[in-house]
Amino acid sequence: MNNFADLNLAPEILRALTESGYTTPTPIQAQAIPLVLEGCDLMAGAQTGTGKTAAFALPMLQKLLPYASSSPSPARHVVRALILVPTRELAVQVEESVKSYAKHSHLRSLVVFGGVDIKTQTPHLRAGVEILVATPGRLLDHIEQKTVQLNQVQMLVLDEADRMLDMGFMPDLKRILALLPKQRQNLMFSATFSNEIKKLSAEFLVNPKLIEVARSNATSENVTQKVYMVGSADKHALLASLLRGSDATQALVFTKTKLTASRIARQLQREGFSADAIHGDKSQMERMQALDAFKQGRISVLIATDVAARGLDIDQLPVVINYEIPSAAEDYVHRIGRTGRAGAFGIAISLVSPEEEKYLVEIEKLIKCQIQRVAPPAIERAVQPEHRAEHHVRIRAPHKPVTKNPVQDAWFNKPYEPSVSTKVNEPVTMQISKPASQIPALFMRRKAVQPDMED
Ligand code: AMP
């Protein structure tokens with residue numbers, strides 16, 4: 001499928017696509033659009049960046065076009081499609097896309113999410129919309145206040161369903177699903193296919209067509225994964241030593257808890273690194289500022305918890321370090337998916353203590369490959385105070401004076417090289433038991449930090 005026109009989309013939709021600069025459908029779009037137009041339920045495995053939003057939004061608009069009305073009467077604009085998403089950032093993003101694809105039609109869309117005064121949303125809902133994008137909690141609030149009617153919904157999309165489950169939205173989802181007409185088309189998108197996701201899909205999809213644009217729970221083949229087995233007490237020294245020894249300009253470091261994230265950030269700052277932490281105890285403003293500083297290269301090490309890091313999309317992020325590996329294996333896939341994006345080459349390093357090894361086993365089961373375990377290199381101990389404050393842009397200050405035991409591992413010192421397709425097949429240390437399928441068209445997008453439900 002090389003052309004959107006081959007997908008039987010209406011001229012007003014095609015015009016919007018041309019204006020958006022889209023020329024060719026991405027693989028998920030080429031697969032999903034015909035199936036959705038046929039009326040099938042869909043279980044789609046696709047990550048953000050694959051063009052999944054248009055994959056459901058375009059056929060949705062096409063199917064709703066007969067209901068488009070130029071009448072201002074709310075009665076002529078009832079909710080016919082509901083798109084549920086886990087976070088407000090995603091909600092805003094999805095609705096912006098829908099709006100831009102629908103701009104030459106009379107179909108209306110609206111986004112509602114929590115954290116803002118519900119009263120500001122009510123008049124817009126009352127005016128009538130065909131496509132409603134919502135986070136589950138806020139939608140339930142509107143349902144309770146009777147500011148929205150869902151009895152005409154004929155299409156339901158669960159976007160980033162895996163995250164919805166992670167964030168504990170299952171009870172809310174069930175309440176919402178119970179209020180929708182039984183006769184409807186259901187589309188579910190998820191980056192990972194955990195057992196819970198399979199259970200959810202069995203519960204609410206009817207004979208779904210399964211489409212996947214990347215191997216289930218695939219970790220990008222562009223990411224070289226590596227594990228250092230190291231005692232908890234030595235983790236910080238190893239982290240600092242790795243950062244110092246790296247030629248990469250930036251690294252994203254993951255921790256399990258807010259406390260550890262803050263502690264590491266403070267300690268690294270004391271050691272002269274330009275580091276900051278983002279987690280749920282920080283205000284949205286503080287997180288945005290730290291993220292911006294990181295994106296602009298003013299911070300070289302960003303320490304994040306899983307929830308705070310969701311949705312982060314940073315161009316050309318070369319290194320992800322798991323200071324602690326996650327106990328939920330899917331989070332590992334999300335974490336290392338922050339690097340090796342859009343065909344770039346990335347490195348994912350995990351510092352694993354003996355107590356964490358059980359989680360590592362689970363991760364390897366999920367990603368169906370064994371990650372190379374490496375003995376930690378000789379660790380450079382904490383830097384003396386007089387040699388601090390040199391890591392402003394590069395992680396490794398070029399002339400670090402104190403290096404009693406520099407990192408001995410030549411592999412880590414391999415310079416980071418941005419993507420060219422030929423680099424993908426350079427020797428990697430990861431032992432892949434199954435050949436990973438090609439990750440399809442990836443499109444970079446910067447995103448805001450997500451709201452939190454961590455620790
Ligand atoms: P998504 O995976 O839906 O978040 O989309 C990722 C990015 O790809 C967004 O910025 C879209 O605007 C863009 N995009 C989606 N489909 C296409 C396409 N067929 N051609 C070019 N860009 C696209």
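A residue is called buried if 20 or more other C-beta atoms lie within 10 Å of its own, exposed if 12 or fewer do, and partly exposed in between, with C-beta atoms placed from the backbone. This is a predicted model, in which local features need pLDDT of at least 70, side-chain atom pairs count only at pLDDT 80 or more, and totals for chains, interfaces and linings use all residues. Residues are numbered from 1 along each chain as its sequence is written.

Helix α14 spans residues 329-336 and is mostly covered, with 8 of its 8 residues buried. These buried residues are A329, E330, D331, Y332, V333, H334, R335 and I336. Helices (H or I, at least four residues) and strands (E, at least two) are DSSP runs, numbered from the N terminus.

Helix α6 (residues 136-144) and helix α8 (residues 170-178) have axes that come within 9 Å and cross at roughly 40°. Helix α6 is therefore oblique to α8, a term for angles that are not under 35 degrees (roughly parallel), over 145 (roughly antiparallel) or 65 to 115 (roughly perpendicular). On the α6 side, P136, G137, L139 and L140 meet D172, L173, R175 and I176 of α8. The residues of this contact comprise 5 nonpolar, 1 polar and 2 charged.

Strand β12 (residues 319-322) contains I321. I321 is buried because 25 other C-beta atoms lie within 10 Å. Leaving aside residues up to four places away in sequence, I321 touches L239, L242, A251, V253 and I349, where contact requires C-beta atoms, placed from the backbone, within 7 Å. I321 and V227 are 94 residues apart in sequence, and their C-alpha atoms are 9.7 Å apart in space.

Note on methods: Axes are lines fitted to C-alpha atoms, for helices over the stretch in contact, and angles run from 0 to 180 degrees between N-to-C directions. Two residues are in contact if their C-beta atoms, placed from the backbone, lie within 7 Å. Ala, Val, Leu, Ile, Met, Phe, Trp, Tyr, Cys and Pro count as nonpolar, Asp, Glu, Lys and Arg as charged, and the others, Gly among them, as polar.
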